[in-house]
Amino acid sequence: MITDEALATQVRRFRFVLAVLLIIPSSTLASVKGNPTQLSGYKAVRVHYSPLNKMIMSVRINGRRANLLVDTGSNQIILDAGAAASFGVQPSQGGLRYTQQTRINGQLLTVGFAQSLIAGGMSFGSTLVTLRSSSHSDTGDTPVDGLLGLDVLTQHKAVINCRTKLIFFKVDQARQVDLSSVASKEKFTRIPLRREENGALTVPCSIRGQPTRLFVDTGAFLTIFHEAFLKSVGIPIEATRISAHFAPGASRKISAGQINDLKIGAFKTAPAKFGVTALPNFTLRQGSASVSGILGMDTLYNYHAIIDLDSMNLFLK
């Protein structure tokens, strides 16, 4: 997951990112050919995009309105501690003397308990949430109270349509939907998703024939590659004035690289410039798997991505 506190004031200096930030028009509608507004056996919840390609879902937590960033780069629901207190979310009690805690990227964080979480017509019931003091609310004109992570998305076998601004949650477990057949007719390419030991979603990719994997992260506004990997396959790197924050203490300068032969699975992307940096170790190592980049919302949107967490496939066209 990439957060970027400095980006709002510096983005105009970054030529290729500027185009990326404008790719998601506010008028995009769900009722386009091949992108249904309903899936049989699922409930649809609409999301919207804020500046910087952030996919935001409006929810109610304990009956109070909140905005959550839909983030496949997070394994769990994470709430800003201050916002959580205003929603009446309290630390969970593992016993009379102990409060449950969890560790994320080296941080020991308190776990809270939300009595109810509702999005549109979809009720997720009560749920544990991780509480963290966060600066992740810099998403333009939409304040964000936390992250909706893979725990909820995978439990309800979500289908995330990045182009049409809809997420489908499975409510009829007996009903089977063959998205592969529908996607093939609409000229999508199917790429198998893999969930790593640490919960991360990855997909295979290659550049100049060199195979590697990408971390699939809807919380990342930009697709970005590890600098050492691109240099190893002979991709020239050009400097920019942008920096990004991956976690507390993990700030990185962002460069740019022209990639003409990126393949994600069997899907070939158009030649384009991508972000490049020295990715931190906790991003490069996903369980026992190594990755060489982050597949972010710019690419997911441009190629009509559908992330199916039931069949564990990514569809691109």
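Two strands pair if DSSP finds at least two bridges between them, and the strands themselves are DSSP runs (E, at least two residues; helices are H or I, at least four), numbered from the N terminus. Before you click anything: this is a predicted model, where local features need pLDDT of at least 70 and side-chain atom pairs count only at pLDDT 80 or more, while totals for chains, interfaces and linings use all residues. Residues are numbered from 1 along each chain as its sequence is written, and side-chain values use heavy atoms, with hydrogens and water left out.

**Stop 1: the sheet.** Select β1, β12, β11, β26, β27 and β13, in that order: together they make an open sheet of 6 strands with antiparallel pairing. Strands β1 (42-46) and β13 (189-192) stand at the edges with a single partner strand each, so one side of each has no neighbour in the sheet. On average, neighbouring strands here are turned by 15° against each other, direction ignored (axes are lines fitted to C-alpha atoms, for helices over the stretch in contact, and angles run from 0 to 180 degrees between N-to-C directions).

Now zoom in on β26 (residues 306-308) and β27 (residues 313-316), an antiparallel pair with 3 bridges. Pick Ile307, and you'll find its bridge partner in β27 is Leu314.

**Stop 2: the core.** A nonpolar core is a set of buried Ala, Val, Leu, Ile, Met, Phe, Trp, Tyr and Cys residues joined through side-chain atoms within 4.5 Å; buried means under 20% relative accessible area, exposed over 50%, partly exposed in between (1.4 Å probe, protein chains only). Leaving out residues up to four places away in sequence, Met57 touches several residues, including Val45, Leu148, Ile167 and Phe169 (contact means heavy atoms within 4.5 Å).

**Stop 3: the rings.** Rings of Phe, Tyr and Trp (its six-membered ring) pair if their centres lie within 6.5 Å; planes under 30 degrees apart count as stacked, over 60 as edge-to-face and the rest as tilted. That rule gives 4 aromatic pairs. Tyr49 sits in strand β2 (residues 48-50) and Tyr301 in helix α8 (residues 297-302), 252 residues apart. Tyr49 counts as buried at 13% relative accessibility, and so does Tyr301 at 2%.

Next, select Phe124 and Phe169, an edge-to-face pair with 5.0 Å centre to centre and 80° between the planes. Phe124 belongs to strand β9 (residues 122-132), Phe169 to strand β12 (residues 166-170). Both Phe124 and Phe169 are buried.
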